[in-house]
Amino acid sequence: MSAPKGYPEAVVRPAAGERVFRVERVAPGPDLAEFVDYYWLVRWRAPEPHRQQVVPQPRVHVAAEEGRLLVHGVNRGPFFRTLTGAGHVLGAAFHPGGFRPLLGRTVGAISGTVQPAHSVLGIDDEPVAARILGTADTSEMVAALEDCLLGVDPKPDATAREVTALVEEARRRGEITRVEQLAGHAGLSARGLQRLFTEYVGIGPKWIIQRFRILDAVAAAHSGHPIRWPDLAAHLGFSDQAHLTRVFTQVVGTPPATYQRDPGTT
């Protein structure tokens, strides 16, 4: 089975990053496929410190780094990592609704936090991280992380699957720009969808919809094609180009037209 591609547009200034690191994605085994979308492995060699930005997405990640297995809740703010020397990090990218069956409580409780898996899932995470970070073999790393996650014994959850499908609908359908549209598709009120997403994803539908539309704008900037930003802003549901520019700058750190011209972008 081929691995899902994730959201490659979430890597900011990918051309600059490609000179320093490589990303490999691996599909989960059948016992975890309902919960984990894919495993990601980043290997880097950085003669000079490289500060990499990634646009946060509506999903929880569990990653072996710095000697621990860390649970990354959904974060509204920018995400940066400085890569030095040579090394690797392995992580599990959960389906948007997929971490709730492991956590057993509202995912909103861990939003905006990075915590050791011991604190969140009650597992002894240091030996797992040592296994993963102590080998260069991809299959051994993935097996160690899968063994750990299977030990939590998550149970199938129909609501989690429905939430993941709703988030995918928001990602796939660019014409969805308002909460009411997605709520109508789900057969819920806007408030009901808010409660559902906070419980299962850890963040509300307004943030999720807008984040996907910003990722659409980032993907357009990465394409290398000329872009009429006022037209794209209207297509993505922003009130005008200034609105798109303001939100894009908040997320990426620079206005979209400036970002597209950056030599590290394409």
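Mentor: Start with Arg-13, which counts as partly exposed because its relative accessibility is 24%. For the terms, buried means under 20% relative accessible area, exposed over 50%, and partly exposed in between, with a 1.4 Å probe and protein chains only.
Trainee: Before we go on, what kind of model is this?
Mentor: This is a predicted model: local features need pLDDT of at least 70, side-chain atom pairs count only at pLDDT 80 or more, and totals for chains, interfaces and linings use all residues. Residues are numbered from 1 along each chain as its sequence is written, and side-chain values use heavy atoms, with hydrogens and water left out.
Trainee: OK, back to Arg-13. What is its phi?
Mentor: Positive, about 50°, although Arg-13 is not a glycine. Arg-13 sits in the segment before α1 (14–17). Helices (H or I, at least four residues) and strands (E, at least two) are DSSP runs, numbered from the N terminus.
Trainee: And Glu-66, buried or exposed?
Mentor: Exposed, because its relative accessibility is 72%. Glu-66 also has a positive phi, near 55°, without being a glycine, and lies in the loop between β3 and β4 (68–72).
Trainee: Let's go inside. Which residues touch the most other members of the largest nonpolar core?
Mentor: Leu-182, Phe-197, Ile-208 and Ile-214, out of 40 residues in that core. A nonpolar core here is a set of buried Ala, Val, Leu, Ile, Met, Phe, Trp, Tyr and Cys residues joined through side-chain atoms within 4.5 Å.
Trainee: Which helix gives the largest share of this core?
Mentor: α9, with ten residues. Helices supplying at least two core residues each include α6 (158–172), α9 (205–222) and α11 (241–252).
Trainee: What does Ile-214 contact?
Mentor: Leaving aside neighbours within four places in sequence, Ile-214 is in contact with Phe-238, Leu-244, Val-247, Phe-248 and Val-251. Contact means heavy atoms within 4.5 Å. There's also another core apart from the largest one, of 31 residues, with Leu-90, Phe-94, Ile-110 and Cys-148 among them.
Trainee: Phe-94, you say. Why does its pair with Phe-99 count as edge-to-face?
Mentor: Their ring centres are 5.0 Å apart and the planes are at 80°, so the pair is edge-to-face. Rings of Phe, Tyr and Trp (its six-membered ring) pair if their centres lie within 6.5 Å; planes under 30 degrees apart count as stacked, over 60 as edge-to-face and the rest as tilted. Phe-94 is buried at 0% relative accessibility, and Phe-99 is buried at 1%.
Trainee: New topic: which residues lie nearest the centre of the largest pocket?
Mentor: Trp-40, Val-42, Val-54, Phe-79 and Arg-81, from a lining of 33 residues. β2 gives the largest share of that lining, six residues, and the pocket holds about 810 Å³ of space. On a 1 Å grid over the protein atoms alone, a pocket is an open set of points with protein on both sides within 12 Å along at least five of seven lines, a cavity is a set where a 1.4 Å probe fits but cannot get out, and lining residues have an atom within 4 Å of a point.
Trainee: And what lines the largest cavity?
Mentor: Phe-99 again, among others including Arg-59, His-95, Pro-96 and Tyr-200. That cavity holds about 30 Å³ of space.

Technical notes. Points joined across faces, edges and corners; volume = space filled by probe spheres on them.
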